[in-house]
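Here's a quick tour of a protein model for someone who likes to know where the atoms sit. Have the viewer open and follow along.

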Amino acid sequence: MKIITQKITRLLSLILICYTVINCSSPDNSSEEEIEVIIEDVDVDEIEYTTVNTIIDFMATLNKNDVNIKLTPGTYKFGPDDVKSGLIPYHEMIVFKGNNSNYDFTGVTFEFDTQLFREYGNKEVVELRLYGNNITVKNLTMIDTGDAYPLFRARNIHFDGLDNRIEGFDISSRGSFPYGYGDVFGKGGAYVIKHYKHSTILIRGERNYLKDCTITQRSYGHGIFV
């Protein structure tokens with residue numbers, strides 16, 4: 001009797017298990033309420049920017065920490081008169097010295113008349129330099145106009161500091177001598193024609209990133225060098 005009871009118990013357990021499996025795997029769940037999943041678009045760029053309207057106001061932010069700046073879209077031109085007036089008095093013209101900051105130049109063009117290179121005399125001219133740490137600068141168009149060459153050498157960007165990022169730049173480089181001949185006339189200690197070079201981007205520092213940038217190199221020098 002005990003053996004029969006155990007067999008009946010096992011049989012009932014097996015029937016219960018089979019019923020459960022069949023019921024759970026049944027494709028006929030049309031009567032069950034459907035769950036609607038809604039995925040909302042989230043703006044990944046949650047930085048709150050302060051907009052400045054003039055180059056002077058923009059320059060005033062370069063030494064500050066923890067700022068998020070947008071410059072009003074437009075073309076901003078730099079020439080010899082701006083050197084003389086004191087807007088860009090130093091051979092490193094625009095220098096980001098603050099830390100933990102973000103700059104968005106969407107729709108902004110900086111246009112540099114290459115004649116201004118000569119205003120700095122025998123100095124290494126740098127149009128833009130990142131000197132602080134943890135800075136992001138994005139979406140700036142930089143255009144050199146004219147064919148005047150520096151009296152020493154020039155660069156569009158010095159990329160220094162730590163953990164900085166330049167993203168989405170469009171750079172057109174001009175102003176060097178002799179353009180189009182490379183080092184066919186020699187360079188360094190022995191040369192037939194003296195060179196006045198103009199490279200585009202020098203990358204130094206640590207953990208600095210250059211991302212999604214376009215360089216049009218119409219000057220004698222390196223496009224990107226480290």
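What follows goes from the overall fold to the sheet, the pocket, the core and a few single residues.

## The big picture

First things first: this is a predicted model. The protein chain has three helices and 16 strands, and buried residues make up 37% of its 226 residues.

## A parallel sheet

Five strands come together as an open sheet, in the order β4-β6-β8-β13-β16, with parallel pairing. The edges belong to β4 (92-96) and β16 (224-225); each has a single partner strand, so one side of each is left without a neighbour in the sheet.

Walk across from the β4 end. β4 and β6 run parallel and are joined by four bridges, with Glu 92 standing opposite Val 126 of β6. Next, β6 (residues 124-130) pairs with β8 over six bridges, again in the parallel sense. Val 126 turns up here too, this time opposite Arg 155 in β8. Then β8 is joined to β13 (residues 198-203) by five bridges, and these two also run parallel. In that pairing, Ala 154 has His 198 of β13 as its bridge partner.

How enclosed is β8? Six of its seven residues are buried, so the strand is largely enclosed by the rest of the structure.

Over in β13 you'll find Ser 199. Ser 199 has a relative accessible area of 5%, and the cut-off for buried is under 20%, so Ser 199 counts as buried. Beyond its neighbours within four places in sequence, Ser 199 is in contact with Ala 154, Arg 155 and Asn 156, and also with Gln 217, Gly 221, His 222 and Phe 225.

## The largest pocket

The largest pocket has a volume of about 270 Å³. Its lining takes in 17 residues, and Phe 152, Arg 153, His 195, Tyr 196 and Lys 197 are the ones nearest the centre.

The sheet shows up again here: β8 and β13 each supply at least two residues of the lining. Which strand gives the largest share? That's β8, with three residues.

## The nonpolar core

The largest nonpolar core has 38 residues. The residues with the most contacts inside it are Phe 58, Phe 78, Ile 94, Phe 96, Tyr 103, Phe 105 and Phe 110. Strand β5 (residues 101-113) gives this core its largest share, five residues.

Setting aside residues up to four places away in sequence, Tyr 103 touches Tyr 49, Phe 58, Thr 61, Leu 62, Val 67, Ile 69, Phe 96, Ile 135, Thr 136, Val 137 and Lys 138.

Ile 55 is another, and its place is in helix α2 (residues 55-59). Ile 55 counts as buried, at 11% relative accessibility. With residues up to four places away left out, Ile 55 touches Leu 71, Tyr 76, Phe 78, Leu 87 and Phe 110.

Start with the loop between β8 (153-159) and β9 (165-167), which holds Asn 164. Is Asn 164 buried or exposed? Asn 164 is buried, with a relative accessible area of 0%. Its side chain reaches the backbone oxygen of Gly 132 at 2.8 Å.

Asp 163 has a positive phi of about 60° although it is not a glycine. Asn 134, which is in the loop between β6 and β7 (135-145), has a phi near 55°, also positive in a residue other than glycine. At 41% relative accessibility, Asn 134 counts as partly exposed. And check the peptide bond from Phe 177 to Pro 178: it is cis, with omega near -5°. Pro 178 lies in the loop between β10 (170-174) and β11 (186-187).

Key: Residues numbered from 1 in each chain as written. Predicted model: local features only at pLDDT ≥ 70, side-chain atom pairs only at ≥ 80, totals over all residues. Heavy atoms only, no water. Buried < 20%, exposed > 50% of the residue type's maximum accessible area, 1.4 Å probe, protein only. Polar contact = N/O pair within 3.5 Å; in protein donor to acceptor, adjacent residues only side chain to side chain. Core = buried A, V, L, I, M, F, W, Y, C linked by side-chain atoms within 4.5 Å. Contact = heavy atoms within 4.5 Å. Pairing = 2+ DSSP bridges. 1 Å grid on protein atoms, 1.4 Å probe; cavity = no way out; pocket = protein on both sides within 12 Å on 5 of 7 lines; lining within 4 Å. Points joined across faces, edges and corners; volume = space filled by probe spheres on them.
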